Amino acid sequence: MKKLVLLMLSCVLVLSLAACSGGSDTDVTGGVEIKKVSDMEGSVRVALAGWQLDDGINTQTGNPTVGLNEYLKQTFNKMYPNIKLELYQIPWENVKAKQSAMLLSGDADVLYTGGAFASQWYQEGLLRDLDDLIKEDKSFDPSIFLSGIMNNSYSTKSPDGTKQFGIPVALGRRMTIYDKKLFEDWGVEPLSAKAAPQEILEKAKKMTGKNPKTGEDNYGLYWSGNSLNGSTFVALTLAFGAKGAEGTLKDVKSIKWHLNTPEMVKVMEWLKEAAKLPPAGFVNAQGSENFGLDKNNIAIALDSSGGSTMNEFQSKKNKDLLDRFEPVLNMGPKGEGWVAVDPFIMAKNAKDVKASWEVIKFLTSPMTQKYMYENFAQTPTLKNADFVPPEDKYVKKALEIADVGHSELMDEANPFYMSDIVPAVNGFISKAATGDAPDIQKFLDDLQVRAEKWSANLK
């Protein structure tokens, strides 16, 4: 009864695979014969943020997609015929509240979720460490995953980096992409493979104004000026060596804040200058609707994904746009930036740990990641994602960036970063865009004081 009430309140769609009927003629195995792996018996409740359960159509490309139910029918059900899965499909906009409720009430064993949520739940003691399961399971090879996100991410590791609580299965794509056509129109040299902030700003300034060939208004630069996680700001702190803070999320009260250093001043000076270059709507994440497409008028986009360009290629099979929009690494010293990581995690009180572990292994496996990439363009987390075709240079570049990625305290897992730093920086950007930027040193001094007070008031 308790479970029924929870599901009615949260509007979560529950499906038991044993009860599914119908299906698809589409083979999702790539012709590989699927054989039984284990006679293990069990029942596992899986709460999935955003996964599509039924067959459908990709609205971006118009191509058909195979839903998770059909994929599991052709694969997992044959491999583990005695493990029953209950799938809970949860929309992303409600995922934190609903998955939190499920963890607290003991109504989920395995969850796919956002990395920041996973980190928070781990610190609250709601998740199980996976180290013993990994150590005991000789069939599981953690080295197949990109090191930067398997071993150096708050989304998969404990705050002190000693415990593994998540297995990464999806990446956010954030890279610098530039329009080769606009660079040629303006006679500007292409970006280097690892373009630093100074190079980007210098070249963006040269391409802001009337295009000398077309007479159209061009904008040298774009990024999302109201980003909820401040990803461009994070990349800049890495590029300028502005740590922002030292310590560990395991002991937030003892964090030493460094928000008003000369290095952080350089970050804000760059933002002040750069904010003059994008279309006005960038402060509300608008104005880049045509980036990656034929009618684009923006020369350089930061923290871009290449999604629009790849969608056009997949729907029309025309490589012109792929050749035109070129990705390079992010702005950090090694080409790193902020990398979003979504993991699979296990509830602290999972009812059937062994069966739950088999489910996590399967849902993060190369076979499942291939299925998710081919049907839903989910970026894999594997060192050798050989199923990504050569044309998808954006995913390949994202994997390069992720492999050198690492979590710092300027990260969404840091409560003060999300509650105060990101809104303050976004407010600064908004004022700078209108030529009314606050005094940078005073702005940072005030932020430093707020951070120190925040830490001091923690219990």
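## Pockets

On a 1 Å grid over the protein atoms alone, a pocket is an open set of points where a 1.4 Å probe fits, with protein on both sides within 12 Å along at least five of seven lines, and its lining residues have an atom within 4 Å of a point. The structure examined here is a predicted model, in which local features need pLDDT of at least 70 and side-chain atom pairs count only at pLDDT 80 or more, whereas totals for chains, interfaces and linings use all residues. Residues are numbered from 1 along each chain as its sequence is written, and side-chain values use heavy atoms, with hydrogens and water left out.

The second largest pocket holds about 440 Å³ of space, a volume being the space filled by probe spheres set on grid points that are joined across faces, edges and corners. Its lining comprises 23 residues, of which Ser288, Leu302, Asp303, Ser304 and Ser305 are the closest to the centre. Two or more lining residues come from each of α10 (231–240), β13 (298–304) and α12 (307–316), helices (H or I, at least four residues) and strands (E, at least two) being DSSP runs numbered from the N terminus. With four residues, β13 gives the most to this lining. By class, the lining has eight nonpolar, twelve polar and three charged residues, where Ala, Val, Leu, Ile, Met, Phe, Trp, Tyr, Cys and Pro count as nonpolar, Asp, Glu, Lys and Arg as charged, and the others, Gly among them, as polar.

The largest pocket contains about 960 Å³ of space. Among its 32 lining residues, Trp92, Gly114, Gly115, Ala340 and Asp342 are the closest to the centre, and the elements that give two or more residues to the lining are α5 (115–123), β7 (166–171), β15 (341–346), α15 (366–376) and α17 (415–433). The largest share, five residues, comes from α5, and by class the lining of the largest pocket has 17 nonpolar, nine polar and six charged residues.

## Aromatic pairs

Across the whole structure, a search finds 22 aromatic pairs, defined as rings of Phe, Tyr and Trp (its six-membered ring) with centres within 6.5 Å; planes under 30 degrees apart count as stacked, over 60 as edge-to-face and the rest as tilted. One of these pairs, phenylalanine 140 with tryptophan 357, is edge-to-face, at 5.1 Å centre to centre and 70 degrees between the planes. This pair links distant parts of the chain, 217 residues apart, with phenylalanine 140 in the loop between α6 (131–136) and α7 (147–150) and tryptophan 357 in helix α14 (residues 353–363). Phenylalanine 140 is buried at a relative accessible area of 10%, and tryptophan 357 is buried at 3%, where buried means under 20% relative accessible area, exposed over 50%, and partly exposed in between (1.4 Å probe, protein chains only).

Phenylalanine 428 and phenylalanine 443 form a tilted pair, because their ring centres are 5.2 Å apart and their planes stand at 45 degrees. Phenylalanine 428 lies in helix α17 and phenylalanine 443 in helix α18 (residues 440–456), so this pair ties together parts that are 15 residues apart in sequence. Phenylalanine 428 counts as buried at 1% relative accessibility, as does phenylalanine 443 at 15%. Elsewhere, one aromatic cluster is formed by Tyr71, Phe76, Tyr80, Phe362, Tyr371 and Phe376.

## Threonine 29

Threonine 29 is placed in the loop between β1 (13–16) and β2 (42–49), and counts as buried because its relative accessibility is 12%. Leaving aside neighbours within four places in sequence, threonine 29 is in contact (heavy atoms within 4.5 Å) with Ile34, Gln74 and Thr75.
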